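Me: I would like to learn how features are read from a structure, one kind at a time. Could you take me through the one shown here?

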Amino acid sequence: MCGIVGYIGKRDVAPLLLEGLQRLEYRGYDSAGIALHTSGKAGGLKSAKAKGRVRDLEARLPKRFAGTTGIAHTRWATHGAPNDVNAHPHLDAEEQVAVVHNGIIDNAADLRAKLTAEGVAFLSDTDTEVLAHLIGRSQAPTLEEKVRDALRLVEGTYGIAVLHADFPDRIVVARNGSPVVLGIGEKEMFVSSDVAALVSHTRQVVTLDDGEMATLKADDYRTYTTEGSTTSAQPTTVEWEAESYDMGGHDTYMHKEITEQVDSVDRVLRGRIDDRFSTVHLGGLNLDAREARAVRRVKILGCGTSYHAGLIGAQMIEELARIPADAEPASEFRYRNPVVDPHTLYIAVSQSGETYDALAAVQELKRKGARVLGVVNVVGSAIARETDGGVYVHAGPEVCVVSTKCFTNTVVAFALLALHLGRIRDLSVADGKRIIAGLRKLPEQIAEILRDEEHIAKLAAEYANAKSMMFIGRVRGYPAALEASLKLKEISYIHAEAYPASELKHGPLALIEPAMPTVAIVPDDDLLEKNRAALEEIKARSGRILAVAHREQEKADHTIVVPKNEDELDPILMGIPLQLLAYHTALALGRDIDKPRNLAKSVTVE
């Protein structure tokens, strides 16, 4: 969830590390710090840390803070409050070791008690400081072995980078459940938890696997397991340029990414549609027609926005492929001792491909012999590597903490998968052509919705004073309501709840009053009159209604009209104006839209 950056080479390291941290600010954090090997005869390590933003750290750096090897970190608090002392890097008692760490050490309390009994004095409340002391107390002759000694004692997840005063020519890194990416330069090496910090310097990267370590020197690197066996990790080329991570003239990343959906949806469709057979090509599935026909059930696993995309995806698979399908939070699935059926196709959904709960569910399913596919955005991510196949959503880099274009692309990817499975089974050529025509209309229809932004912004200003809001929808509209509710909560901090419209009379109607607006998703489908009946119930109780519909709704106080597509694809378009509604509501309230409080972009801890 936090950010790691490291560099070894010939350049002045502090400016490079600060730049890298700034590129990782979108991930969410509460403090930042740097440690480096100092230049000069005295040598040794020097560090600086600060609560707050990277700019606060930059203002705190000593005047003489030079070196060519260093590590840096942005922290999202787990153990201990956000403050200067708990910020990373953490040093051992002799200040010979510096460690930055993403993840959680589950047995930190036991290790801390043991070290305290041995006379170690802890300065922070963090689990990471345990690692620094363990490495510092190891009697092994090399830094690699010192780190390995420490890791043998810890339980939990980690992505770490380590400096040692006695080994100024190297950085040692390790991964278990939290991303670590090496950047290969010209007589210089980089390390980060995210390629966003690397692409302005190199596009050649090596992604470590769980249980893998690496030693970085200025002119080379080597990878090996935590047990010491050599591995042969090879560089790959990052798809995106550094400019893809810039704001591109927009005031926020979120606004940029909402407007990018016209192009991103076109990108996920490009090269995949097969008009001859009214289907799509998804070569990465590694699932032939015989295997696809043998699937009896589909289970989709994701967290947050990815879970909501999975709910829509499950409905599409049921409707188009006629395979029973459902979605479940990955964080719950692996703790309820699920029955793993060999005839069930499991699909893990994650924007980053590194979401810890989803990755842990994948690993448990693989252990039990299940077939697991991935639907992810990041090429070469952990879930992409550990699954049997899958679909990349090709949304491009998404920097804002809250997901917009990646959610939309994920739902489109599920539409492609549902069409693919449906045409292998019993979906007719005519229906295949109908869905393909609908998919091709999506980019222009999204552009049409975006042209209505000024109207949506005015509506947002009218509803921004609400203390709580209700979102409702039926069947296809309900997952869209869930996602819209989440978006509003994430960036405006307005309390919001989503319910199936059919459930209003079973309790939630008690909340309806003029002060609590309802956002109703009302598509022109076979449930139109049922949805209108729900609007009647709300108006009878003096509730205010904002409808998202294909035509003006008489019972609504305001309506956002969106273009009509095929019934199965309508949820994709219904979500776009609600992203803009959340954005402009947060803007009206003066929120930090790209970095909402308490949240991080990529949740790589449990």
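Reply: Helices (H or I, at least four residues) and strands (E, at least two) are DSSP runs, numbered from the N terminus. Glu454 forms a salt bridge with Lys458, with 3.9 Å between the closest N and O atoms, where a salt bridge is a side-chain nitrogen of Lys or Arg within 4 Å of a carboxyl oxygen of Asp or Glu. Glu454 is exposed, and Lys458 is exposed too; buried means under 20% relative accessible area, exposed over 50%, and partly exposed in between, with a 1.4 Å probe and protein chains only.

Me: What should I know about the model before reading on?

Reply: This is a predicted model, in which local features need pLDDT of at least 70 and side-chain atom pairs count only at pLDDT 80 or more, whereas totals for chains, interfaces and linings use all residues. Residues are numbered from 1 along each chain as its sequence is written, and side-chain values use heavy atoms, with hydrogens and water left out.

Me: How many salt bridges are found in the whole structure, and which parts of the chain does the pair of Lys217 and Asp169 link?

Reply: Side chains of opposite charge can pair when their charged atoms come close. A search of the whole structure finds 43 salt bridges. In one of these, the side chains of Lys217 and Asp169 meet at 3.7 Å, N to O. This pair links distant parts of the chain, since Lys217 is in strand S12 (residues 212-217) and Asp169 is in the loop between strand S7 (158-164) and strand S8 (171-176), 48 residues apart. Lys217 is partly exposed, at a relative accessible area of 28%, and Asp169 is partly exposed as well, at 35%.

Another salt bridge joins the side chains of Lys299 and Asp326, at 2.7 Å, N to O. Lys299 lies in strand S17 (residues 297-302) and Asp326 in strand S18, so this pair ties together parts that are 27 residues apart in sequence. Lys299 is buried, with a relative accessible area of 11%, while Asp326 is partly exposed, with 25%.

Me: In what order do the strands of the open sheet run?

Reply: Pairing is assigned between two strands if DSSP finds at least two bridges between them. The open sheet here has five strands in the order S18-S17-S19-S20-S21, with parallel pairing. Its edge strands are strand S18 (325-329) and strand S21 (389-392), each of which pairs on one side only. Within the sheet, strand S19 (residues 344-350) and strand S20 (residues 371-376) pair in the parallel sense over six bridges, and the bridge partner of Ile347 in S20 is Leu373.

Me: How many aromatic pairs does the structure hold, and why are they called tilted?

Reply: A pair of aromatic rings is described by the distance of the centres and the angle of the planes. Rings of Phe, Tyr and Trp (its six-membered ring) pair if their centres lie within 6.5 Å, and planes under 30 degrees apart count as stacked, over 60 as edge-to-face and the rest as tilted. The structure holds two aromatic pairs. The ring centres of Tyr7 and Phe190 are 5.1 Å apart and the planes stand at 55°, so this pair is tilted. Tyr7 in strand S1 (residues 3-8) and Phe190 in strand S10 (residues 189-192) are 183 residues apart, so the pair is described as linking distant parts of the chain. Tyr7 is buried, as is Phe190.

The rings of Phe333 and Tyr346 have their centres 6.2 Å apart and their planes at 55°, so this pair is tilted. Phe333 lies in helix H10 (residues 330-333) and Tyr346 in strand S19, so the pair ties together parts 13 residues apart in sequence. Phe333 counts as buried at 2% relative accessibility, and Tyr346 counts as buried at 3%.

Me: How many disulfides does the structure hold?

Reply: A disulfide is a pair of cysteine sulfur atoms within 2.5 Å, and the structure holds zero disulfides. For Cys2, the closest cysteine sulfur is that of Cys303, 17 Å away, which is too far for a bond. Cys2 counts as buried, at 8% relative accessibility.
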